Amino acid sequence: MGSRVSDLHSRVMKWPNQWPLSLPLYFLTVYDNPSFVQASTAGATVWSNQRKQMFRDATRDLWYHGFDNYMSSAFPLDELSPLSCTGRGPDWENPANTAFNDVSGNFSLTLVDVLDTLVVLDDPPGFQDAVKNVIDWVSFDVNTKPQVFETTIRVLGGLLSGHIFASEPGQPFYLPWYRGQLLYMAHDLGKRLLPAFATPTGLPYARLNLRHGVPKGESQDTCTAGAGSLILELGTLSRLTGDERFERVAYKAYFALWNRRSDLDLVSNTINIRTGLWTPPEITGIGAGIDSFYEYALKWYILSGEVEFLDVWQEGYAAVMRHVRSLDGHWYRIVNPHTGDQVYTTIDSLSAFWPGLQVLGGDVPNAIKSHLTYWNIWRRHSGLPEVWDAHVMQATSFQYPLRPEFIESTWYLYRATRDTYYLDIGERVLKDLVIRTKVDCGLTGIKDLRTNARDDRMESFALSETLKYLYLLFDEKNNLNSDDSHYVLSTEGHILSLPRHALKPMSPARRRLRREENLQCPAYHPFQGFVPSGVVRGLTRGVGSRPDADYARELIGLRPQPLDEWHWYTDGWCSLPQVDPFTYDFIMSPGGRIVAEDQNPGNQKLQLVADGILLQNITGIRAHIVSRLDGKGYDITKLGPHSVRTGQLVYVNDTALLLPEDELKIQPDVRLRIFLDTMDPMLPARPGMLELNAEFHVIAHTATFGADITWVGSPKPLIFGRAEGVRIRRDDTNLLGCQPFDQDLAGDTVFLWRGGCPFLEKLVFARDAGASGVIVVNTDDTHVNPSATSDEVAAAGELHNVALVLLPHTTGKNIAAMLDASGLFGYGNVLFSIDSEGWTGQRKAGGDKTDDQEGQTPRVLYISGHPLLNTRLIV
């Protein structure tokens, strides 16, 4: 794979001709409103409302093709066998056939499972008929032994969702004649499942007989997802019926698993329900056996507001991102839960739900990365094989039983980004389903994606999830897409919500223990087509234009396709992902000294306050820091034994952080004035357009080496940032500044992009070419002051006459656009100067930073160069 990636990195890609641009449009776009245009990333495809409706209707027709054939050829049995055009239920002759018997309980599985899909399809008459059929035909007094997990998510969830819509007045699916029959049936089913939980640990048996309970000799092993993904349905059942037993057993089972997590905060795949011991081989990941355990932590919090589940989600997600995520950030490994060591390199199809869950949790950037991997696997096989081996870049299990997880994630990403790239994916998926799975009597799973050998089975999730999510993808006006209530879609795609009276307010004592919290998700910022040369490709570009899109395709061994090539530039480049760790642990100390951990810090070090923690002495305190979802830095989430909740602050009041008075430090930030030296008097003004000679100001982060540009008392005047302005210059042959410059820079300041070599090396090459300094654009908006060791600075030679500053990525893109526009149209030079207005120009002691006032950057703690944004230095 290494040589393949190297070839990718060096290949010159072909892009279409530039869009015609005008300088006024540049400024109007970049400065006025950079993201008001919905990204469109599909070459010749324009996703008009009519086109979306056409694919929505095609999806609807495909759904009814499956459902109508089930009703005519299979009902009241559990599933349709579409090749033989018959129905089937449990395998009575072979009780060990768990592939069928785990889901087929002789209770009209498919009909119950699709009740709320008729709601999504806006079919009130069909919904009413389906409810009547369930009431008339379904009974749970049956001598079958289905899986507790499958019965809960498919049947119990279907009944609850159907009841919610049938009983709620004021909406099209309210049934005036309905008297709660579905909820009564759900209660009956729930009571039949309760004996499975009668174990020493509270972990349920995987299977039980619905008439006779748990049979003797039943297996005592279960998987984490099977035992830990019951709280949504059983909790909802308790809240709607008032019978607390169901929520209680599901809660106990969930935390019986979480409380047995490893020291890395990872749960294993399988466990013994009587001993509570994980069974070998101990492995963990995000796919089969574990998947919905994480999903139900987040979704039960959303639905019920139970904050303990939010805590599990946040801690579990951080652990997965630290130990399970691959080094490139595009896929998730199977690892040992105690060491984090990789065990297998396989990716199973169930794990394709993960990008959707990341969207729901607010981490859209990482969701995009992981989804690209599954998308390229789909493209290679026109379906998602059950198992893919990332090491050999081959599928090892070629079945596709119409699973929904990839399509589910595609829907979540489209709703979050509104990027039509995901509609293109939906179009491809729909066409593949029609061509490969549609038969005369319904839809059929695929035994082998290589030969399209078909399986005589239409699993109920094909109708309850797969085509439901595909329909929602294309149906912009669907009520579910505009519903901002606390509803959730279960792991089986059932729509669950709770009335206000069923929500339990947090008790005053519990609220005092947690103190103030501020929960919010960051907004998604679409990708804009800036490349290292600063060239702008249109207004806002989509996912297909990301520099790592081709990397994800190469990971799967897929050759470029027309949709890929449409996004290529003549000067485009492929990015080899550089992913920072998602979490860190540090034992803190002033000056970074190695000290022993204080495992029981007292009040003299740590004090709990209303909105967080007051830290009086950092020495020996273990800090657990986690990457913020907005990409701006890190937050402390744990100090010693104390959790730091979302929105809380850590106040640092340790005087040991102050430098001695005679040790002075360069001010970490400086204000730059950016302006043009020429304007065109013939250029007509337009509303909302900046004047060409208009200036704007940016905040730059200073380096700890080179000239001190923040001190007006410097003995030798600097060219860098002088008041009359210094020209900003770009060398398109050396955009990173990691090689000697071929031209004399003659006192100009060179404009570079971060990466390729250390900051100090960039400054040395620029100095040797006669530059007055360097402006570097960061890869993100994180606050970083470039640094180097004393030995490195000494080896670099004389640096007192040159300086380096680092700009946040967003700011740097704007200046890059300005440089490109001035060069393209000849409207003068882009200049900059250090703006001293409102600034004393005095250097400050190491701990003396600007107060946290409105419009100013708060003083925060740094650990190894990482800003901890939920800290406040008050010393």
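Helix axes are taken here as lines fitted to C-alpha atoms over the stretch in contact, and angles run from 0 to 180 degrees between N-to-C directions. Helices (H or I, at least four residues) and strands (E, at least two) are DSSP runs, numbered from the N terminus. The model is a predicted one, in which local features need pLDDT of at least 70 and side-chain atom pairs count only at pLDDT 80 or more, whereas totals for chains, interfaces and linings use all residues. Residues are numbered from 1 along each chain as its sequence is written, and side-chain values use heavy atoms, with hydrogens and water left out.

Two packed helices are described by the angle between their axes and the distance between the axes. For helix H8 (residues 148-167) and helix H11 (residues 231-241), the axes come within 10 Å and cross at roughly 35°. The crossing of H8 past H11 is left-handed, a term that applies if the near helix is turned anticlockwise from the far one by less than a right angle. The contact (heavy atoms within 4.5 Å) involves Thr-152, Ile-153, Leu-156, Gly-157, Leu-160, His-163 and Ile-164 on the H8 side, and Glu-233, Leu-234, Thr-236, Leu-237 and Leu-240 on the H11 side. Of the residues in the contact of H8 with H11, seven are nonpolar, four polar and one charged, where Ala, Val, Leu, Ile, Met, Phe, Trp, Tyr, Cys and Pro count as nonpolar, Asp, Glu, Lys and Arg as charged, and the others, Gly among them, as polar.

Helix H14 (residues 307-323) has 17 residues, which at 1.5 Å a residue should span 24 Å, in agreement with the 24 Å between its end C-alpha atoms; the expected span is 1.5 Å times one less than the number of residues. Because 13 of the 17 residues of H14 are buried, this helix is largely enclosed by the rest of the structure, buried meaning under 20% relative accessible area (1.4 Å probe, protein chains only).

Strands E18 (residues 612-615) and E22 (residues 649-652) are paired in the parallel sense over four bridges, and Leu-615 has Val-652 of E22 as its bridge partner.

Notes:
Buried < 20%, exposed > 50% of the residue type's maximum accessible area, 1.4 Å probe, protein only. Pairing = 2+ DSSP bridges.
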